[in-house]
Amino acid sequence: LRSYLEQDEASRDIPALQMLCEPAESVKARANRLKRRLDAAAVPGLSCEVVRESSRAGGGSLPTSEIPTFCLRVLHRHHSAEELERLLRSCDPPVLARVKGEHVLLDLRTVGGAEVAELAALLAGLD
């Protein structure tokens, strides 16, 4: 309980609060890192770009609050956005994404720095 009462300590020690409080520019840097890895992998049929979006904290006490974020917008020539989202969800570990139009959005606010390489490998491994 003490962690929740000490704001600096809470935003450092509680993962959900870390994600909610992280500056958008830090999220953008991670998104750019993921894009560079995917560009270097030259995955056939996969294209991506970093875009400004909004995250939502979810239901509960913040159902409509929007948080500035950056996402990797992904398009795969061989899969529709819905198919790609299903493929990502069936990975081990599952990758949660959202579909917007013809693209899949990966919100890097919810991806830790140490997870970027693993996420890039999962994306690069999709047929």
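Glu-53 stands opposite Thr-69 in β2. This is a predicted model, in which local features need pLDDT of at least 70 and side-chain atom pairs count only at pLDDT 80 or more, while totals for chains, interfaces and linings use all residues. Residues are numbered from 1 along each chain as its sequence is written, and side-chain values use heavy atoms, with hydrogens and water left out.

Start with the sheet. Its 4 strands lie in the order β1-β2-β4-β3. The sheet is open, and the pairing is antiparallel. Strands here are DSSP runs of E, at least two residues long; helices are runs of H or I, at least four residues long; both are numbered from the N terminus. Two strands pair if DSSP finds at least two bridges between them. The edges are β1 (46-56) and β3 (98-100), and each pairs on one side only. From one strand to the next, the twist averages 35°.

Now take the pairings. Between β1 and β2 there are 11 bridges, and the two strands run antiparallel. Strand β2 (residues 66-76) is also joined to β4 (residues 103-107), by 4 bridges, again antiparallel. Val-74 stands opposite Val-104 in β4. Arg-73 has Leu-105 of β4 as its bridge partner.

Which strands does helix α5 touch? Helix α5 (residues 81-89) packs on the sheet and touches β2, β3 and β4. Contact means heavy atoms within 4.5 Å. The direction of α5 makes about 40° with that of β4. Axes are lines fitted to C-alpha atoms, for helices over the stretch in contact, and angles run from 0 to 180 degrees between N-to-C directions.

Helix α6 (residues 116-124) comes next. Val-116, Leu-119, Ala-120 and Leu-123 of this helix are buried. They cover an arc of only 100° around the axis, so they sit on the same side of α6. That arc is taken from the directions from the helix axis to the C-beta atoms. Buried means under 20% relative accessible area, exposed means over 50%, and partly exposed lies in between (1.4 Å probe, protein chains only). The cover over the buried residues of α6 includes α4 (24-41), β1, α5 and β4.

Then come the charges. Side chains of opposite charge can pair when their charged atoms come close. The structure holds 6 salt bridges. Each is a side-chain nitrogen of Lys or Arg within 4 Å of a carboxyl oxygen of Asp or Glu. One of them joins Arg-73 to Glu-49, with the closest N and O atoms 2.5 Å apart. Arg-73 lies in β2 and Glu-49 in β1, so the pair ties together parts that are 24 residues apart in sequence. Arg-73 is partly exposed at 27% relative accessibility. Glu-49 is partly exposed too, at 37%.

Back to Glu-53. What does Glu-53 form a salt bridge with? The partner is Lys-100, and the closest N and O atoms are 3.1 Å apart. This pair links distant parts of the chain: Glu-53 is in β1 and Lys-100 in β3, 47 residues apart. Glu-53 is buried, with a relative accessible area of 16%, whereas Lys-100 is partly exposed at 47%.

Asp-107 forms a salt bridge with Arg-98, the closest N and O atoms being 3.7 Å apart. Asp-107 is buried at 11%, while Arg-98 counts as partly exposed at 31%. Shared partners join Glu-53, Arg-98, Lys-100 and Asp-107 into one network of salt bridges.
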